Amino acid sequence: MPDDDPSHSLDQDHGPLLLGPVLRRVEGDRATIWVETSHPATVEVDAAPAGGSARTFTVHGHHYALVVVSGLPEDAVTPYRVSIDGSVVWPPPDSHSPPSAIRTRPSGAPVRLIFGSCRESSPLSVTRFPPDALDAYAGRLIESINADAPTEWPDLLVLLGDQVYADETPEKIQKWLRRRKRRADAPKKQVVDYHEYTKLYLDSWGDPEIRWLLSTVPSVMIFDDHEIIDDWNTSDRWRAKMADLSWWEQRIQAGLSSYWVYQHLGNIAPSALDDDFVYAAVMRAGGDATGVLDAFGTRADHEPTAYRWSYAIDIDRTRLIVVDNRAARVLERGHRAMLRESEWQWLTERIPGDYDHLLIGSSLPWLLPPAIHHLEAATERIAESPRDWVSKFGEKLRQAVDLEHWAAFTRSFDAFTALLRKVGAGEGGVSPAPATISVLSGDVHHSYAARADLGPSVVSPVHQLTCSPVHNDMPKYIRPAMKFGWNPPAAKLMRALARSVGLPPPPVHWGKTADPYFGNAVGVLLLDGRSAHVMIEGTRPDKTLGKVASLQLS
């Protein structure tokens, strides 16, 4: 691996296994395990009686493997070891954590999902935030397994965006950037190229508790804006402004290609790997896939329909559909949409089925505090004005205060609401109606729950469950505004603004069922038969978790 300053901790020798193992998808008797190594190698996973091996591929001097492990026993917890070129490199010999293991689900057992978003960095790099909720969750799980009393073993960790921050780097990364020889036009505190992106993941995923958690709990991920930059793809004007920056083309190329390597590759089910044209091209590249992924990163930005980042998973009788809220947008004024037509069609085709619970993973919340919803909808209408100065004002306001959620894409909000109404009424290929429908989101740096009223025909309870941040913070001066957004007089005032620009009332009413919580938190969703329960657990000063909200959803 290229090293610019061997004396800096980011460039110290981490041995042959730089990052991972990261357990990603578990599907039947197979699982995928991702690793980053220090050199080209053969990586073997021994999960006797199961196992698998893979040769690494290289991107800009960095080396990766995705190992498909086959032959896992049913209803079992199977410890595993990782070897590189025949030498065991995992688990670490001095580890106090339980052995990393792959768990195959007992048939009919309750489904437990952990979800959250916005983890700016490891707590080893940043101390200005409250304790890291994912670290705290990992610590609790380690303790319970070490005590031979695992009261919870998650089926899936769902990370809903901003897993790394390319534009708001921790001080540790900034010091490293100052020491490295960079392009002269690079933003001083932001990463630009692929090598710099790798340091974000090394910082975030190298944290020992997180490294163990990711090695043992299956995970799926989706990006939000900070994997690229704040306000990513907020409008056509925004894209034109970014295109004028000399370093932007390299940033977007590196951001999307590194996201594919570190995050999206593991979202792909073992049975679907051969159908992914990027994976096929990487495998055909004969070891060095730098050119393949550079070209892909550029194409994925220039041609948003060229690749689908969304995906769907069935876990027993729970269906999770994770949608891309960023790269799949239509941004032209007069035609704005959160999801372009091909993406919308893909989503609607994943809805029919026989399941008890429908979960939609959306990095951006569908339901916001009502006053903020009306404000976002109004600013979209202002930004669509044919008068240029009015339109520019609306656009500046949208970007200044991040008014770019579903509410700011009115046609998409209405269509998504209509889709949930249809599903909740037991129509559209889902009969009977699901026991619950939940939209899981992050982004907004506070956690809350809301229930939607979609009319008398809807028999499924429909909820917005937002959990953010995992390790970040919301400035104290903004918090009152977020609380005030749920206030009926505030909602009435902002609705008057929306009405004044010609907007009809939204096609859904909703109210909060859990007050906003502004600390670091993880969400825990338990689905048992047709019953569903969610908890939001926040961190305490002693770095443990405490329940801040608990709701029966069905």
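**Pocket, cavities, cores, sheet**

Guide: The largest pocket has a lining of 37 residues, and V401, D402, V444, M474 and I478 lie nearest its centre. A pocket here is an open set of points on a 1 Å grid over the protein atoms alone, with protein on both sides within 12 Å along at least five of seven lines; lining residues have an atom within 4 Å of a point. This is a predicted model: local features need pLDDT of at least 70, side-chain atom pairs count only at pLDDT 80 or more, and totals for chains, interfaces and linings use all residues. Residues are numbered from 1 along each chain as its sequence is written, and side-chain values use heavy atoms, with hydrogens and water left out.

Visitor: How much space lies in the largest pocket?

Guide: About 880 Å³. A volume is the space filled by probe spheres set on the points, which are joined across faces, edges and corners.

Visitor: Which element gives the largest share of that pocket's lining?

Guide: α10, with four residues. α10 (370–383), α11 (388–400) and α13 (479–484) each supply at least two. Helices are DSSP runs of H or I, at least four residues; strands are runs of E, at least two; both are numbered from the N terminus.

Visitor: How many cavities of 30 Å³ or more are there?

Guide: Two. In a cavity a 1.4 Å probe fits but cannot get out. α3 (194–205) and α4 (208–216) are the elements that give two or more residues to it.

Visitor: Now the core. Which residues have the most contacts inside the largest nonpolar core?

Guide: W34, W260, V261, W309 and L525, in a core of 100 residues. Such a core joins buried Ala, Val, Leu, Ile, Met, Phe, Trp, Tyr and Cys residues through side-chain atoms within 4.5 Å. Buried means under 20% relative accessible area, with a 1.4 Å probe and protein chains only. Another core lies apart from it, with 42 residues, among them L367, I437, M474 and W486.

Visitor: And the sheet: in what order do its six strands run?

Guide: β13-β12-β11-β21-β22-β23, open, with mixed pairing. Strands pair if DSSP finds at least two bridges between them. β13 (219–221) and β23 (545–552) are the edges; each has a single partner strand, so one side of each lacks a neighbour in the sheet.

Visitor: In which sense do β11 and β12 pair?

Guide: Parallel, over four bridges. F115 stands opposite V158 in β12.

Note on methods:
Buried < 20%, exposed > 50% of the residue type's maximum accessible area, 1.4 Å probe, protein only.
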